[in-house]
Amino acid sequence: MNDLPHLRTRVRLVLVAAAFAAPMVVACLLYYGGWRPQAVHPHGELVTPPHPIADVELAALDGGAVRFNSFQHRWLLLYFSAGECTSVCERALYEIQQLIATLGRDAGRVRGAIVVTDTPALDMLRYQLKDYPNVIALVGVAANVARLAREFQSSVGSAPAGLHRVYVVDPLGNFMMSYPADADPSGMRKDLAQLLRVSQVG
């Protein structure tokens, strides 16, 4: 009878050891059986390493001054366009608007912006932007707009240069990724959802 407590103790120790070892055993079996975790491949072009964007003074369409670093603390989807927003530009605005809208409760963590590289057609742009409440238009003196554009240098060139790209800036103000304007919106959404899920800021 005195051996019963010792037996129970041994059984508990064996169960604890088995519980601890089981994940390692399963991992070894899966590994040597040829299974590998699926790699995560972003759908956009990553900027390695991400680099901070200089604080440039711009303006909203109503004339109010806007500094670029005022967008910090949120993720920013940025697009460069002439004041005459053509079909490619409008598609980019639509995708940005829809992308933010589909994020649900995380929508407030993301902002869209279009930087206007010239200003002759601002009246038409104001009219177009009524359909895109998640996107703000920014204008500025030519030197400041050109300086900001140079900040988005990547392996595919720099904005605006007719490249029609959507640029992703993180909540700390770092340029980290870009997409062609005609990129698959579902891929963009998956990337952004993943970034929001793992981000500790914004």
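User: Are Phe80 and Phe152 buried or exposed?

Analyst: This is a predicted model, in which local features need pLDDT of at least 70, side-chain atom pairs count only at pLDDT 80 or more, and totals for chains, interfaces and linings use all residues. Residues are numbered from 1 along each chain as its sequence is written, and side-chain values use heavy atoms, without hydrogens and water. Buried means under 20% relative accessible area, exposed over 50% and partly exposed in between (1.4 Å probe, protein chains only). Phe80 and Phe152 are both buried.

User: How many aromatic pairs are there?

Analyst: Rings of Phe, Tyr and Trp (its six-membered ring) pair if their centres lie within 6.5 Å; planes under 30 degrees apart are stacked, over 60 edge-to-face and the rest tilted. The count is seven aromatic pairs. One of them, Phe80 with Phe152, is edge-to-face, at 5.7 Å centre to centre and 70° between the planes.

User: Which parts does the pair of Phe80 and Phe152 tie together?

Analyst: Helices (H or I, at least four residues) and strands (E, at least two) are DSSP runs, numbered from the N terminus. Phe80 belongs to strand E4 and Phe152 to the loop between helix H4 (142-150) and E7, so the pair joins parts 72 residues apart in sequence.

User: What is the geometry of the aromatic pair of Tyr167 and Phe175?

Analyst: Tyr167 and Phe175 are also edge-to-face, with 5.6 Å centre to centre and 65° between the planes. Tyr167 is buried at 2% relative accessible area, and Phe175 is buried at 0%. Ring pairs link Phe68, Phe71, Phe80, Phe152, Tyr167 and Phe175 into a cluster.
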